[in-house]
Structure formats: C-alpha cells, structure tokens
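Hello,

Here is the structure you asked for, with notes on what turned up in it below. Please read the notes with the model open.

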Amino acid sequence: MSMACLVDTTKCIGCRACQVACKEWNDLPPETPPGEGRTRSIENSSTFSSKTYTRVTFHEVLGTGGWLDRAVSVKRQCMHCLEPSCASACPVAALKKTPDGAVVYDGQRCMGCRYCMVACPFGVPTLEWDKPVPYIRKCTFCMDRRQDAPARWEVNGKPLEGETLERFRRAGQMPACAKVCPAGAITYGPRDQLLAEASQRIARQNVRGASWRYVEHIYGEKEVGGTSWLYISNVPFESLGFRTDLGDRPYPEYTKLALDAVPVAVIGVGLALGGVYWISQRRQALAQAAADDNEE
C-alpha cells in the first residue's frame with residue numbers, strides 16, 4: 001500500500017513544530033537564519049540542506065489593489081515522487097522507490113556524482129558540503145519510524161490493548177512531522193484515501209456563500225506523474241512557490257528511450273571496436289608474412 005501525506009495549507013499556522021520534530025527525530029543540528037537584525041529572514045532555513053530536511057515557507061498573498069490579503073505558511077520537504085527522477089538518474093541505484101511510498105537513500109552505494117541533485121525538479125537532495133566524505137541527505141519519510149515501531153506499547157507501566165493500542169501504533173508509525181502538527185494540517189494515510197479526502201474537502205468548502213474557496217486542484221496528484229506528498233490550498237500554488245510548469249508526465253519517461261539504448265550502444269560499439277582490432281591485427285599478420293617470404 002502506497003502511503004502519503006496530505007497538507008492543507010489553510011490549516012497551517014506556521015508554528016514550525018514539524019521542522020523541530022524532523023530535526024529531533026533525525027538528530028539534526030539547528031541552523032542560523034540568514035541575515036542579521038531587521039534583515040533576518042523568518043524562514044529557518046531558507047533552503048534545504050544536510051541539516052534541514054523540512055522547511056516552512058512563509059508567503060504574503062496580495063489581493064485587489066495590491067493590499068495584503070493573507071499570509072500563508074507551507075511545509076516543504078522531499079515530495080517522494082511515484083516515479084522519482086533522482087532514482088532514475090542515479091547510476092548506482094543509491095536511491096530507490098519503496099512500495100509504501102518513500103524514496104530512500106543508500107549511502108553505501110553512493111559514488112558522489114550528484115546526478116540526483118540535478119535531476120530533482122523540486123531541488124531537494126543536498127550534499128554534506130562540510131564533510132570530507134559527503135553523503136546525499138533529504139527527507140526519509142521517517143521510514144525508520146515505520147520499521148522500528150514497537151510491537152508493545154505501555155502507558156504508566158500498563159500494556160495497551162484493543163483500539164487504544166492500534167491508535168498508539170498508528171501514531172508511532174507515522175512521520176514525526178505529521179504526528180506533531182498541532183493544527184491538523186498534515187494527514188497521513190494511504191494515498192488513494194487522501195486523494196478522496198482532499199476532493200471531499202474541496203467540494204464541501206467550495207459552496208455558494210463560502211467566505212473563501214479552495215483552488216480546484218490537488219498539487220501532487222498528477223505533477224511529474226504524481227507524488228506522495230499532496231497539497232490543497234485556497235490561493236494559487238504559484239503564489240506559494242510551487243512549480244506549476246512540471247506537467248503530468250514522469251520525468252524518467254523523457255530519458256527512458258535514451259537510457260534503454262545505452263546497453264545496445266555499448267555492445268554495438270564494443271563489437272565494432274573488436275572488429276576494427278581484428279582487421280588491424282589481420283593486416284599486420286599478412287604484412288609480416290609477406291615480409292618473411294620476401295626475405296626467403
């Protein structure tokens with residue numbers, strides 16, 4: 001079952017609890033916000049890095065007449081594409097898509113080419129620039145929480161049972177950011193169910209007389225073939241810094257034809273070079289034979 005997260009930007013309060021939870025779970029150090037004094041940015045950090053897997057961006061949306069209409073906060077992280085271009089570009093399969101939705105990284109395979117950084121349309125993978133032997137870092141979708149969730153839960157020394165046990169297990173297995181969100185802006189669950197939930201929210205809110213309306217679009221449903229992080233919003237996604245020029249076609253499809261031709265091309269070139277070498281050696285042998293006959 002492919003799992004996903006739905007982010008409702010209308011519920012996000014910009015508290016950055018998700019960012020703190022991500023750093024705590026992944027044992028990541030804090031980073032100093034860029035700028036000093038009054039120029040200091042409210043965003044910390046302003047970019048993804050090897051120390052920041054989750055960012056909360058802040059956007060002032062202008063209304064009629066250029067006046068501030070509303071301020072919107074948006075949680076950003078790896079989108080965990082259904083057909084990830086980072087994994088497709090990696091020549092050693094250090095990145096791969098798992099059946100339950102996450103795009104995971106194996107540092108033991110990585111050779112440091114950074115093709116994944118170039119291939120990602122969302123600019124997510126980053127390198128540990130401050131280390132002599134750097135690795136690629138990005139959101140892991142908290143795969144270790146799902147794999148290492150305890151089989152037994154206790155509260156005040158008493159084991160939990162029944163529905164209470166299942167509720168605690170589900171909470172422990174979800175990504176840290178989704179679990180900690182105090183406003184309920186992040187919902188974790190099967191992707192198909194979240195798509196249905198997003199459509200229902202849009203339909204319920206977008207009725208006559210509503211004070212505001214959702215954009216009639218679920219970001220991530222079809223972008224680059226679909227992603228495991230989905231977004232709904234009441235302001236245009238381009239106003240929130242989302243790329244809206246990606247199209248629905250998975251990026252690996254653009255290179256699939258060329259990549260499929262590589263083995264054939266390598267074999268063909270190898271055979272051609274082998275043939276040239278054989279002809280060259282044959283000519284040398286005939287010339288040497290002719291020279292020997294002349295000497296006799």
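**Overall make-up**

Eight helices and eleven strands make up the chain. Please keep in mind that this is a predicted model. The chain has 296 residues, of which 38% count as buried. Among contacts between residues at least 6 apart in sequence, 58% join residues at least 24 apart.

**The nonpolar cores**

In soluble globular proteins, nonpolar side chains tend to be buried together. Here the largest nonpolar core has 39 residues. Those with the most contacts inside this core are Phe-122, Ile-186, Tyr-188, Tyr-219, Trp-229, Tyr-231 and Phe-242. Several elements give two or more residues to this core, among them helix 1 (17-26), strand 2 (55-62), strand 3 (68-76), helix 6 (176-180) and strand 10 (186-190). The most comes from strand 1, which gives three residues. There is also a second, separate core of ten residues, including Leu-6, Leu-195, Ala-198 and Ile-218.

Leaving out residues up to four places away in sequence, Ile-186 touches Cys-5, Leu-6, Val-7, Cys-18, Lys-75, Cys-177, Ala-178, Cys-181 and Trp-229.

The buried residues of helix 1 are Cys-18, Gln-19, Ala-21, Cys-22 and Lys-23. These buried residues pack against strand 2, strand 3, helix 6 and strand 10. Asp-27 follows helix 1 and has a positive phi, near 55°.

Strand 2 and strand 3 pair in the antiparallel sense, over eight bridges. The two strands form a hairpin with five residues between them. In the turn, Gly-65 has a positive phi of about 85°.

How many cavities of 30 Å³ or more does a search of the whole structure find? The search finds five. The largest cavity has a volume of about 120 Å³. The lining of this cavity is made of 19 residues, and the closest to its centre are Cys-12, Cys-18, Cys-181, Ala-185 and Ile-186. Helix 1 and strand 3 are the elements that give two or more residues to the lining of the largest cavity. Strand 3 has the largest share, three residues. By class, this lining has 13 nonpolar, three polar and three charged residues. Two of the residues closest to the cavity centre, Cys-18 and Cys-181, are also among the residues that Ile-186 touches.

The largest pocket holds about 210 Å³ of space. The pocket is lined by 13 residues, and the closest to its centre are Val-104, Tyr-105, Lys-138, Cys-139 and Thr-140. Strand 5 (103-105), strand 7 (136-137) and helix 4 (143-147) are the elements that give two or more residues to this lining. The classes in the pocket lining are seven nonpolar, three polar and three charged residues.

Pro-121 lies in the loop between helix 3 (115-119) and strand 6 (126-127). Is Pro-121 buried or exposed? Pro-121 counts as buried because its relative accessibility is 8%, and the cut-off for buried is under 20%. Not counting residues up to four places away in sequence, Pro-121 touches Ser-85, Val-224, Arg-243, Leu-246 and Tyr-251. Pro-121 and Val-224 are 103 residues apart along the chain, yet their C-alpha atoms are separated by 8.6 Å.

Val-224 is in the loop between helix 7 (191-205) and strand 11. Val-224 is buried, with a relative accessible area of 3%. Most residues other than glycine have a negative phi. Phi of Val-224, in contrast, is positive, near 45°.

His-80 also has a positive phi, near 50°. The place of His-80 is the loop between strand 3 and helix 2 (85-89). With a relative accessible area of 1%, His-80 is buried.

Regards

Key. Residues are numbered from 1 along each chain as its sequence is written. This is a predicted model: local features need pLDDT of at least 70, side-chain atom pairs count only at pLDDT 80 or more; totals for chains, interfaces and linings use all residues. Side-chain values use heavy atoms; hydrogens and water are left out. On a 1 Å grid over the protein atoms alone, a cavity is a set of points where a 1.4 Å probe fits but cannot get out, and a pocket is an open set with protein on both sides within 12 Å along at least five of seven lines; lining residues have an atom within 4 Å of a point. Grid points are joined across faces, edges and corners, and a volume is the space filled by probe spheres set on the points. Helices (H or I, at least four residues) and strands (E, at least two) are DSSP runs, numbered from the N terminus. Ala, Val, Leu, Ile, Met, Phe, Trp, Tyr, Cys and Pro count as nonpolar, Asp, Glu, Lys and Arg as charged, and the others, Gly among them, as polar. A nonpolar core is a set of buried Ala, Val, Leu, Ile, Met, Phe, Trp, Tyr and Cys residues joined through side-chain atoms within 4.5 Å. Buried means under 20% relative accessible area, exposed over 50%, partly exposed in between (1.4 Å probe, protein chains only). Contact means heavy atoms within 4.5 Å. Two strands pair if DSSP finds at least two bridges between them.
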